[in-house]
Amino acid sequence: MTSFGLIPIFAVVLIIWYFLRTTKHAKRKMNTKWIYVFFATYVFILVIATVVVGILDKKTAAETPKQIPVDSFYSVDIALQAGDLSSIDSSQIIDKRTHRIGDMLTITSKAFDLVPNVYIERKDVNDGLIEETIFKPFLAINNYDFSEQMNYTKPKWENGKMTLVTPSFTEITYTSYQEAFLLDQFTGATRRNFGSHSSDTRQITVYLRVPKDLIVKTDDHVSVDYVTD
Amino acid sequence: MTAIEFNNVTKSYQSGAHSVLNHMNFSIQENVLTGVIGRNGVGKSTLMKLIAGHIKVSSGEVRVFSENPFNSLKVSANTILVDDTMSFSDKLTLQQILKEADRFYANWDARLAKRLFDFFSFHPFAHHQHLSKGKKNTFNAIIGLAAHCPLTIFDEPTTGMDTVVRKDFYRALLKDYIAHPRTILLSSHHLEEIEDLLEDILLVRDGTIPFHGPITDLQDMYVKLVGKEEKVRAHVVERSSFGSQVNGSFIEVLVKNTFTMDEQARLNEEGITIVPVPANDAYVALTSGSKGGIDDVFNSATTD
Amino acid sequence: MYLTVPRLTDIVKKQFRYKMNAYTGIFSSLLIMQLIGIFFGVNSYSSYEASESLRITDATSTGDTPVVLTLVWAFITGILVTTLAYRNDAFSFVSNRLSHHLSSFLLVLLASVVGGITAVLAGSIGKFIVYAQNSTITIESPGLLDSPFSFFIGIATSILYTILFAGLGYTIGSFVQRSKLVIPLIVIVLIALPALNLSVGGVFFIEKTIAFFGTETSFLIFLMKVVITVVVLFALSVAVTNKTEVRK
């Protein structure tokens, strides 16, 4: 794909080179007719490109991330803080697991960057079970939703110990094309400041329903929110 | 009918500076081939540009086809000025330039243009700015001829042309003029080259017109006395001579032709012949004026 | 030999055709400017932020550069057609000052319309390159099929601005032909006054002028503003150069 993209650039360089050559060697001046033929070809290419790009626009519009207000990303966290799991859309849930546990839960983190949030809700009973719900990470770049492209790794459970791990590396290229500023004057289109860039991100969120009297030990890197109702 | 009229025309390029044309008055009749003669820098080009409407008068009035030529579309459409400021886009080939000229000039003679173009062996795809000076002027001259404009002006058209081409051009001009009579102005500082061609002469000197009329009238203004030196000298002693040449014991002296019939008879008796002068000699005599010729510079130097 | 009686419209038509053939440099320079614009518009801005597990590369391409370079081209072209060389070329054939102005201006208008349209279309090439380089892309612009109305309004806007810049160049060029003293005056008005940040008429005037066109929200009023401005500029150009001597 990348090598394919080089072709137009190569063509542009070639055309510029050709022009510089013809203007330097004045003897080989381009004849009037040829300049117009050349120019007409250029216009033709532009029109074709416009139509093709118009079709591509329509096609990619379905595939490209949707624009979503940033607040909606945080609605999950707001609901979780209130312990209101039921109001969260099930599409946000990655996994639901149940783990047996003794008297104590240790939470450690091997992730130093984008550490998952952990919410803990105490159940009314001591049934020796932890119900774990994992919610999707999110990533918004300039208000576009790139959450689907975020890599994540579920926490590891081992003998009453939950380890938060660094997810595999995510690389996202945000490519955008902005119409010329001048042309927006009467279309009512707004445009972000040229060159400005904003992103919001959060890793997975883990919601744990734990037995009533479970002792929870955490290390310094982990922040735990206790849900109380 | 009068083609060109100058009424008290003065032209100076910077206000207050010395004027190039100085209260000039003359008129040129239609369908006359007039030579505009004068030394370099006397205002021939200025005069012609005024007629073509390229520049405007400082004072006075120019009329071409009874219109002020400056900004007149009528004058522009019926006039062509061929000079070295004629320029064409570097994007056009010579062939294309001829085609454009064809569109602009109603009387354009495409056949003549083509034949002259081929005769002077131009390449149709050559570009104007790549031509040598002589070639450029030849090409401009072709346009001037083929345009068949009712008023055709050539300002020093032969600069840079070689002798053969010059002769061919003048011949072409004459033939085309006879076939299509029109008002033609032709300037040159080489009168001897064009004197056979011209009907009238418009002499320009220091922004004024010391002579305007048929070329024969100019020639009649002067004669050459040829005879034994002491006899000739006796006759010209109270006349101003405009140049003399000693050949052994004979001398030729150029003087104003103011001899009466009696005087002419006496000169004949004394063996002095009265010889008509070429227009060029008359022109030189008229324009060198009382300052004398270059010989006088050396003569006075030896007597000092 | 009979005298031809030329009609102004006829001569203007002929000169227009002549200039279309003779001033092809206008179109080739437009082509070059837009290609450069496309070239620099693609990935004109990119930044990235990185952490241990995430890297975001933000590559923004824009249709700004072809449009801006087209405006620059229009301004320069406007000046160029008023210069001595172009004028002497014109006066080698039948012409007077008015017909020269009319045909030159028509040519500049035509070129501006072509320039204005192609400036917008040139964005498509940039867009296409962006598409070809990347699989996921966000388009922050109206497309032809997406919102045809916005697309054509965009083109109209582009044409009008191009004409405005060309007209400005043409007028400045005409004034410079009249007197070279205009050059320092322009430099003072355009550069020195804003740089000195003086609150004299100059700065005020420039800001007002930009706001006059740039903040207009009604397309029809904008259209009228541009048309009136260009007509006034043209009339000024004709007036100041009507006594110019040619082929001196």
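**Ring pairs and sheets in a predicted model**

A search of the whole structure finds 29 aromatic pairs over all chains.

Reader: What counts as a pair here?

Author: Rings of Phe, Tyr and Trp (its six-membered ring) pair if their centres lie within 6.5 Å. Planes under 30 degrees apart are stacked, over 60 edge-to-face, and the rest tilted.

Reader: How are the rings of Tyr23(C) and Tyr86(C) arranged?

Author: Their planes stand at 80° with the centres 4.5 Å apart, so this pair is edge-to-face. Tyr23(C) lies in the loop between helix 1 (8-22) and helix 2 (25-41) of chain C, and Tyr86(C) in helix 4 (residues 84-90) of chain C, so the pair ties together parts 63 residues apart in sequence. Helices are DSSP runs of H or I, at least four residues; strands are runs of E, at least two; both are numbered from the N terminus.

Reader: Is Tyr23(C) buried or exposed?

Author: Tyr23(C) is buried, at 2% relative accessible area. Buried means under 20%, exposed over 50%, partly exposed in between (1.4 Å probe, protein chains only).

Reader: Before I go on, what are the ground rules?

Author: The model is predicted: local features need pLDDT of at least 70, side-chain atom pairs count only at pLDDT 80 or more, and totals for chains, interfaces and linings use all residues. Residues are numbered from 1 along each chain as its sequence is written, chains are lettered from A and ligands numbered from 1 in the order in which they are written, and side-chain values use heavy atoms, with hydrogens and water left out.

Reader: Which residues do ring pairs link into a cluster?

Author: The cluster holds Phe88(B), Phe104(B), Tyr105(B), Phe117(B), Phe122(B), Phe139(B), Tyr18(C) and Phe93(C).

Reader: What sits over the ring of Phe122(B)?

Author: The charged end of Lys135(B), 4.3 Å from the ring centre. The criterion is NZ of Lys or CZ of Arg within 6 Å of the ring centre and within 35 degrees of the ring normal. In chain C, Lys225(C) lies over the face of Phe212(C), 4.1 Å from the ring centre.

Reader: New topic. In what order do the six strands of the chain B sheet run?

Author: The order is 5-6-7-3-8-9, in an open sheet with mixed pairing. Two strands pair if DSSP finds at least two bridges between them. Strand 5 (79-82) and strand 9 (208-214) of chain B are the edges, each pairing on one side only.

Reader: How do strand 3 and strand 7 of chain B pair?

Author: In the parallel sense, over five bridges, between residues 33-37 and 183-188. Ile37(B) has Ser188(B) as its bridge partner in strand 7.

Reader: Which strands does helix 6 of chain B lie across?

Author: Helix 6 (residues 163-179) lies across strand 3, strand 6 (151-155) and strand 7 of chain B, at about 160° to strand 7. Contact means heavy atoms within 4.5 Å. Axes are lines fitted to C-alpha atoms, for helices over the stretch in contact, with angles from 0 to 180 degrees between N-to-C directions.

Reader: Over to chain A. How many residues of strand 11 are buried?

Author: Five of the six residues in strand 11 (residues 205-210) of chain A are buried. Strand 11 of chain A pairs in the parallel sense with strand 3 (residues 117-122) of chain A over six bridges. Strand 4 (residues 129-135) of chain A runs antiparallel to strand 11, joined by five bridges.

Reader: What stands opposite Leu208(A)?

Author: Glu132(A) does. Asn117(A) stands opposite Thr205(A), also in strand 11 of chain A.
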